[in-house]
Amino acid sequence: LVNTTGLQTGQAINISGGTITIDGGSATAALDAGTGDINLLASQSDSDRRANAAALVTVGHANLSGNNIDIEATATATSSDTLGSQLNPFSDLTTFPWEVTGNAAWNTATSSANVQVGGSGAASLDATGNVTLKAGSDASTTIGTVAPVGSFSYGATDATANAIVAANAVIQAGGAFQQNANITNTLSLNPSAIGPGTPSAA
């Protein structure tokens, strides 16, 4: 939640973070950049075995005015195991009539980017120049391990993005208006087995 009381009227306004909320609640929050620009840029990234990144910008009960108004959310999640460093040993004595032992690689990437204007309260964007609402989400999982026969690899990606203008929002742009949401899912599974038998991947 951004406290707008310290922001000076008539100057460019730049706010960044993982989650940005401009909402005055029962009152109206006001961001007035005059001839300057307003940039609300939320971003988050994560690189882990279970990567999870979420970026959110919400403009609720608020009035934003300035030259160009740019509201963006960007989330990037990356999960990678290319050297087998994240393999976990397992042993299964019940599923098959014989004991199966090996290693398991389990990597997932989840990302979400959301821009919301209006909804919780009447929102107004008034720009003499351009208004841009953009949400971008990228989830990537790569597995390329070498392991004994009997091992398995599992990978998944889930990227979501939304750029929403609610019915109670009013947007005026003297220049161009751009609203888009883009996602990228990249899944690469390329495990290799050593020993007798035929390698398999799932």
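Strand β6 (residues 62-66) and strand β10 (residues 123-127) pair in the parallel sense over five bridges, where strands are DSSP runs of E of at least two residues, numbered from the N terminus, and two strands pair if DSSP finds at least two bridges between them. Within this pairing, A62 stands opposite A123 in β10. The model is a predicted one, in which local features need pLDDT of at least 70 and side-chain atom pairs count only at pLDDT 80 or more, while totals for chains, interfaces and linings use all residues. Residues are numbered from 1 along each chain as its sequence is written, and side-chain values use heavy atoms, with hydrogens and water left out.

On its other pairing, β6 is joined to β3 in the parallel sense over four bridges. The bridge partner of A30 in β6 is N63, and that of L31 is L64. These strands belong to an open sheet of four strands in the order β3-β6-β10-β14, with parallel pairing. Its edge strands are β3 (29-32) and β14 (169-173), each of which pairs on one side only. Neighbouring strands of this sheet are turned by 5 degrees against each other on average, direction ignored; the axes are lines fitted to C-alpha atoms, and angles run from 0 to 180 degrees between N-to-C directions.

In a regular strand the side chains alternate between the two faces of the sheet. In β6, the covered face consists of A62, L64 and G66, and the uncovered face of N63 and S65.

The protein as a whole has zero helices and 16 strands, a helix being a DSSP run of H or I of at least four residues. Buried residues make up 39% of the 202 residues; buried means under 20% relative accessible area, exposed over 50%, and partly exposed in between, with a 1.4 Å probe and protein chains only. The protein exposes about 10,000 Å², of which carbon and sulfur atoms supply 50%. Accessible areas come from the Shrake-Rupley method with a 1.4 Å probe, and for residues only the protein chains shown count as cover. Among contacts (heavy atoms within 4.5 Å) between residues at least 6 apart in sequence, 75% join residues at least 24 apart.

A second open sheet has five strands in the order β1-β4-β7-β11-β15, with parallel pairing. The edge strands here are β1 (13-17) and β15 (177-189), each pairing on one side only. Neighbouring strands of this sheet are turned by 5 degrees against each other on average, direction ignored. Strands β11 and β15 run parallel and are joined by 13 bridges, with T142 opposite S188 in β15. T132 also lies in strand β11 (residues 131-143). T132 counts as buried because its relative accessibility is 14%. Apart from neighbours within four places in sequence, T132 is in contact with I69, D70, I71, E72 and Q178.

The largest nonpolar core has 36 residues, and those with the most contacts inside it are I22, L40, L64, I71 and L125. A nonpolar core is a set of buried Ala, Val, Leu, Ile, Met, Phe, Trp, Tyr and Cys residues joined through side-chain atoms within 4.5 Å. L64 is also part of the covered face of β6. For L40, residues up to four places away in sequence not being counted, the contacts include I15, I20, I22, L31, V57, V59, L64 and I71, as well as D70 and E72.

Two glycines were also examined. G118 is found in the loop between β9 (100-117) and β10. G118 counts as buried because its relative accessibility is 2%. The C-alpha atoms of G118 and G60 are separated by 4.8 Å, although these residues are 58 residues apart along the chain. G118 touches V59, A123, A166, N168 and A169, residues up to four places away in sequence not being counted. G155 is located in strand β13 (residues 152-165) and counts as buried at 9% relative accessibility. G155 and A105 are 50 residues apart in sequence and 8.0 Å apart in space, C-alpha to C-alpha. Leaving aside neighbours within four places in sequence, G155 is in contact with N107, T141, I143, L187 and L189.

The average pLDDT, the predictor's confidence in each residue from 0 to 100, is 84 for the protein, and 74% of the residues score at least 70. Over residues 194-202 pLDDT stays under 50, and for this stretch the model has 12 contacts beyond four places in sequence.
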